[in-house]
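Here is my note on the aromatic rings. Please read it with the model open.

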Amino acid sequence: MDSDAAALLVKQRMKEYKHILKNSGPKVRAKQQEHTICECEHPEDNSNSCVCGTPDCLNRAVNIECSPRTCPCEEFCRNQRFQNRQYANTSIQPAGDKGLGMYAKEDLDSGTFVIEYVGEIIASSKVPERLDSYASVGTLHLYLMELNADYTIDAGRQANRARFINHSCTPNCATQKWIVGPFPNACVTTALHKEPKTNQHPQHPPCKAQAVWHPPFPIPQQQDQDKQVWQA
């Protein structure tokens with residue numbers, strides 16, 4: 001596919017949904033919310049050395065974002081990635097049989113926050129009804145992600161670019177659930193990677209869900225040196 005055709009395909013697919021920056025639908029509050037003021041110390045040199053950017057932060061260790069109103073590190077807090085939309089640098093490009101996919105424009109370290117998964121929040125009890133409505137109009141692609149036991153994020157009609165992350169049986173990314181303020185949120189991060197003991201590529205088991213191929217982490221150069229993001 002040449003560059004003009006690829007650009008046209010991306011443009012067409014972008015029109016299939018309403019782009020939103022945060023979840024729509026009911027305001028779902030976390031059932032259990034811990035005290036969210038961490039014990040990190042304000043950096044004396046006014047630098048980015050605040051431990052809010054590390055697992056040593058009590059909030060970050062349990063997937064809770066700090067509040068800009070209460071964090072001791074104030075403007076130097078590095079645990080507000082959802083609130084500040086600190087997403088990885090990515091692009092949407094053709095991905096063969098998968099249609100479109102999200103590609104990282106640069107190498108991403110293990111555990112990097114890629115993007116929040118945004119969509120319409122619906123009650124999980126309504127998911128069968130939503131699936132029926134999609135089936136009635138011939139919709140083939142589904143973008144459902146469980147938010148918690150009671151609610152699901154549907155990125156089919158309203159979403160951000162995270163909807164273009166494709167499935168893989170050997171993914172290089174993982175989903176995480178975080179509490180931001182009183183609300184649960186979902187995101188995609190690069191997987192925690194352990195180097196193989198040999199230089200050989202690992203064998204990938206056949207995927208029972210979909211016929212996809214996925215490279216070992218880190219992702220080799222492809223699509224003009226971009227790297228495709230995959231999740232389970």
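1. Phe-82 and Phe-113 are both buried, meaning under 20% relative accessible area, with exposed over 50% and partly exposed in between (1.4 Å probe, protein chains only). This is a predicted model: local features need pLDDT of at least 70, side-chain atom pairs count only at pLDDT 80 or more, and totals for chains, interfaces and linings use all residues. Residues are numbered from 1 along each chain as its sequence is written, and side-chain values use heavy atoms, leaving out hydrogens and water.

2. How many aromatic pairs does the structure hold? There are four. Rings of Phe, Tyr and Trp (its six-membered ring) pair if their centres lie within 6.5 Å; planes under 30 degrees apart are stacked, over 60 edge-to-face, the rest tilted.

3. Tyr-17 is in the loop between helix H1 (3–14) and strand S1 (18–19); Phe-164 is in the loop between strand S7 (151–159) and strand S8 (166–167). They are 147 residues apart. Helices (H or I, at least four residues) and strands (E, at least two) are DSSP runs, numbered from the N terminus. Both Tyr-17 and Phe-164 are buried.

4. Phe-82 and Phe-113 also pair edge-to-face: 5.0 Å between centres, 70° between planes. Ring pairs link Phe-82, Tyr-87, Phe-113 and Trp-178 into a cluster.

5. Arg-163 lies over the face of Phe-164, 5.4 Å from the ring centre. The criterion is NZ of Lys or CZ of Arg within 6 Å of the ring centre and within 35 degrees of the ring normal.
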